[in-house]
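Biologist: I am new to this structure and would like to learn how to read it. Could we go through it feature by feature?

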Amino acid sequence: MRLDEALRRILDAGTDPEGEPIYESVASRTPIPDLDYGENNSGERKHILFTYLSLAANQWVSADPNEDSRGDLITSYLEDPIPAFRRIGLFLLSQHPDTYQDLVADELGEETNYDDDNIQYDFYRLVETAFSSLDDDQQNQVYKVLREGPQDRQWIEDRAAHEAPDREQSEDEIVQERVERWRLKRLYLLDGEVSADQQEYIDFLVEKYGVPERTASEPYTPSVRGGYVDERGPEDLETLRTWSAETVLQMCVDWKPPEDQSWSFDDDERVEISHWGFAKQLSQLVKEQPASYAERISILEDAKPQYADVVLDGLAEALQNDGRFSWQPVLSFCETVTDEPSQWPSRCRTSIAQLLREGIQSDQTDFPRKYLVRVEGLLVHLLTEVGLETIEEQPQSWKGGVGDPEEEVRRNGVGTVVSYIWWKDQNNCLGDDGLDEPLRGAIQTRIIEDSAVPVRTALGRHFQTFWAADKDLIQSHLDDLFPRGDENEAKQLFSAVWNGYTRGNPLLQPAFSELRPFYRHAIRFAGRR
């Protein structure tokens, strides 16, 4: 998979409660030249992918910047709806402003860019590096936009109204100061590059307020764990850390973003107040305090269902970092979700599969041994096809997903079943007679009935595990697992399972005699393609 495709899948996070698309922020909005994730390969996967894609794109463009395909790539990034790709496009322009003067002029001539928080630092890096490459009219236009100040002043006026009672300045004076400081942080990028009368105004601002500690091309990094926060919930993260898990989770039930003020401020930076912002804070809190949040997870049964997969994913990440929590309330909540799948986003069940898999693979002494019946019950639910006619019948996750959500649930279910089988084998819990019901029947149904390519591929990939765990089951359903019909569906299903089998298994000598006809079919099938 290409780097940009992998990054796009991670950043496309579905829609918010109002149906607007959500794209995850990446690399804390740090300007691309300042990124260091690629040096030590640390941090979240999206940060590392973003860093390597930026570096790879720059190397490729720099190799022959005048070649048409290079400009086409930059244009495609600039036009991309995902802000991270727009940032890469702006970064590439800033590296080659003289080569792509028309694109530079277009971007610096687009007034909405000057107030777009999603691309702010990389856009103003372009202003800083490319201003001198513009002609006089274009330079004057850039200065004019910055001199006019922020397009949206309502947030400044509202904050002034809030601050005025505690300050000696009037509301109008506070607004004027905020606007002038906004101008200074941006116009200072042009210091020494503008006409004499334009420079006079910049000098006036510097004399009045001093040289800005940071310009609009330099990010603000607050001193809180979790990095830069561009969205939040009812309070900032530090405040939420002082609340009990019960209080925070109850806010998932009771809190709604204020309709009349959907933002707050952090060092003069606007911070959006939203459900999604609260969900991201919640994810951080769960990873920091998994035991407390696991104990009170049942509160989410009355909350917006989209908070559920956020908490479940947070618990899974906590397990990766040796976190510990009580499984009793967590399993009860998972059972609530799987008992009524239409009431929750499909991604909740994917998150359950991933959480169980992390728990099985961790070294917690009582899991899954203490809960075998309940774990197997959940695994059966995860393998069972849910009868929803349309995906609109259930709430949509704010985090998005890859491919068809129901296929992803079952594919992840297969992977978790494999981890469970391995655990049973290593702990002498796997019987000589094969798998027990009802798990055995659920696997058999997937082999016979499931036509989803991701599920078939997963079944093929883990063939050796299923063969070792229940040879009779697999042996009696080889023709179902590897269909050899001439119709298109049979060809597609065979191809999916066989690709999974050949990529995930060595030559399995004990099964080779039974698999010989399918090897021959695969060879004939490949010859006809």
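Modeller: Start with a single residue and its contacts, where contact means heavy atoms within 4.5 Å. Leaving aside residues up to four places away in sequence, Phe463 touches Ile474, Leu478, Leu481, Phe482, Tyr501, Asn505, Leu508, Ala511 and Leu515.

Biologist: What kind of model is this, and how are residues numbered?

Modeller: The model is predicted: local features need pLDDT of at least 70, side-chain atom pairs count only at pLDDT 80 or more, and totals for chains, interfaces and linings use all residues. Numbering runs from 1 along each chain as its sequence is written, and side-chain values use heavy atoms, with hydrogens and water left out.

Biologist: Which residues have the most contacts inside the largest nonpolar core?

Modeller: A nonpolar core is a set of buried Ala, Val, Leu, Ile, Met, Phe, Trp, Tyr and Cys residues joined through side-chain atoms within 4.5 Å. Buried means under 20% relative accessible area, exposed over 50%, and partly exposed in between (1.4 Å probe, protein chains only). Here the largest core has 87 residues, and Trp327, Phe463 and Phe482 have the most contacts inside it. Its largest share, eight residues, comes from helix 16 (residues 306–320). A second, separate core has 51 residues, including Ile88, Leu108, Val127 and Ala130.

Biologist: How many helices and strands does the protein chain have?

Modeller: Helices (H or I, at least four residues) and strands (E, at least two) are DSSP runs, numbered from the N terminus. The protein chain has 27 helices and five strands.

Biologist: Why should helix 17 span 18 Å?

Modeller: The expected span is 1.5 Å times one less than the number of residues. Helix 17 (residues 327–339) has 13 residues, so it should span 18 Å, and its end C-alpha atoms are 18 Å apart, which agrees. Among its buried residues are Trp327, Phe333 and Val337. The cover over the buried residues of helix 17 includes helix 15 (290–295), helix 16, helix 18 (346–361) and helix 19 (372–383).

Biologist: Is Leu55 buried, partly exposed or exposed?

Modeller: Leu55 counts as partly exposed because its relative accessibility is 43%. This residue lies in helix 3 (residues 45–63). The buried residues of helix 3 include Leu53, Ser54 and Ala57.

Biologist: What share of the whole chain is buried?

Modeller: Of the 529 residues of the protein chain, 52% count as buried. Among contacts between residues at least 6 apart in sequence, 71% join residues at least 24 apart.
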